[in-house]
Amino acid sequence: MVAYRLDYRPGDFIDSKYRVIKKVGTGSYGDVFMVDDTRSNVFALKLLRLWEVSSELHDSLNEKFKQEYLTAQISSEYLVHSLDFGIIQGNPYFLMEFCPKGDLSKLIGKDLSKLPRYARDILEGLYALHSEGKIHRDLKLENVLIRENGKAALTDFGVVGEMNKANRLSEVGWWRKRPKQIQGTPLYMAPEMAERAGGGVTYLPTVDLWSFGVMMFEILTSGSFPFGNIESIDDLPKYRERAKKGDWDIDLLKKYPFWKDWTHIINKCLEPDYRKRYQSAFEILQDMKPMIGSISQRLTNERLSRSLAISRLVITQGDNLGAVYGLANYINNRIRMLRIGRENDNNIVLPESKNTYVSRHHFTLEMSKDGAFWTIRDGQWKKNVRQWVTSTNGTYLNATPVSVKGLKVFTGDIITVGEYKIKVI
């Protein structure tokens, strides 16, 4: 499809439905407009500028943009919701809620009394995303908006976070000036993300929890970053090297109010080994109880309702997005083991159209003899060599690496295989 250039000014109509009030944001790939409809309802409209992108990237960007639209329909008051989707002269757009109070960067250098509340809202949003097998991957202050009711909500779940770094137009988009600093996405990036040259494979919830720690440090220190402030892109390698060592500036944090409340939390968020980092947003919320009073009963009930009686797998990210696999369809009195991988001889096939992050025979699900629970194991038994062979890129249950010994699987768990996310129900 050909994408034609579109230049909208205040008063123009987009797709004959939404009148432009003003442009409120510009990114590497798209523009965000404040618009209204025929009933004077105000929204934000995000338009993907495909006319600036080479045609071979159109399909991939369109797919990621549609995924962002769908992700923004996850039910949570801590996520900015999408409302409508369309294509205008080859360029896709979607409509979303408008948050009039701006983003969280406005809190820098201001009254910090509301920070615990905003932090709780961010973690609630991350919990909602992660529970559906979604990773934000581009969490920063600009991607946290403040609703009319004062609650914080996450936005921008798509193109920047999902796109393979090798296909990005440039890294220029992260340069945005703030007083005394230049900031951007690389400064919020967990070490395991920065080290993946190709990007996009086996990202776990822990990458967002790292970014959360950076954000809290930034707000508490009036705009500084935990591994040093950079004046030019030449300073970035040194910043990343300190991040890999977990060498964050605790002495700087101690110069600001409330540092005692946050030191342990930031330290555990900024643990360079993701296995020693916080493993879930829920864990951080538990450590924040002295600041927020309690964790919402809804989250507590969700955690308590997890069950070993799993029945199906749902693809929440991957080539066959939305596919549902009922486990009962694959087992009988003789067969208690399911094989999952890229090759067609698996019980459940995870195809990949562009990459090969999924192994030919990636992992195994095995039901116990009494049918009471299922165990997930990395790799599969190979008859021809008479041994268990593990996957190339690993299998993860939530944020935990799965070994040959295996782990019990509960409802609500997320299995990560390459770029696939699979929710257990």
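A: This is a predicted model. Strand 13 and strand 14 run parallel and are joined by two bridges.

Q: Which residue is the bridge partner of Ile-340 in strand 15?
A: The partner there is Phe-363.

Q: In which sense do strand 13 and strand 15 pair, and over how many bridges?
A: The general idea comes before the case: in a regular strand the side chains alternate between the two faces of the sheet. Here, strand 13 (residues 337-341) and strand 15 (residues 363-367) pair in the antiparallel sense, over four bridges. Leu-338 stands opposite Leu-365 of strand 15.

Q: What is the order of the strands in the open sheet, and what is the pairing?
A: The sheet has five strands in the order 14-13-15-16-21, and the pairing is mixed. Strand 14 (348-349) and strand 21 (407-408) are the edge strands, each pairing on one side only.

Q: Let us turn to helices. At what angle do helix 2 and helix 5 pack, and how far apart are their axes?
A: Helix 2 (residues 115-131) and helix 5 (residues 206-220) pack at about 165°, with the axes 12 Å apart. An angle over 145 degrees counts as roughly antiparallel, and the two helices are therefore roughly antiparallel to each other. The crossing of helix 2 past helix 5 is right-handed.

Q: Which residues make the contact?
A: Helix 2 contributes Leu-115, Ala-119, Ile-122, Leu-123, Leu-126 and His-130. From helix 5 come Asp-208, Leu-209, Phe-212, Met-215, Met-216, Ile-219 and Leu-220. By class, this contact has eleven nonpolar residues, one polar and one charged.

Q: How many aromatic pairs are there?
A: A pair of aromatic rings is described by the distance of the centres and the angle of the planes. In this model the count comes to twelve aromatic pairs. One of them is formed by Tyr-69 and Phe-94, with 6.0 Å from centre to centre and 50° between the planes, a tilted pair.

Q: Which parts does the pair of Tyr-69 and Phe-94 tie together?
A: Tyr-69 lies in helix 1 (residues 58-71) and Phe-94 in strand 6 (residues 91-96), so the pair ties together parts that are 25 residues apart in sequence.

Key. Residues numbered from 1 in each chain as written. Predicted model: local features only at pLDDT ≥ 70, side-chain atom pairs only at ≥ 80, totals over all residues. Heavy atoms only, no water. Axes fitted to C-alpha atoms, helices over the stretch in contact; angles between N-to-C directions. Parallel < 35°, antiparallel > 145°, perpendicular 65-115°, else oblique. Left-handed = near helix turned anticlockwise from the far one by under 90°. Contact = heavy atoms within 4.5 Å. Nonpolar A, V, L, I, M, F, W, Y, C, P; charged D, E, K, R; others polar. Pairing = 2+ DSSP bridges. Phe/Tyr/Trp six-rings, centres within 6.5 Å; stacked < 30°, edge-to-face > 60°.
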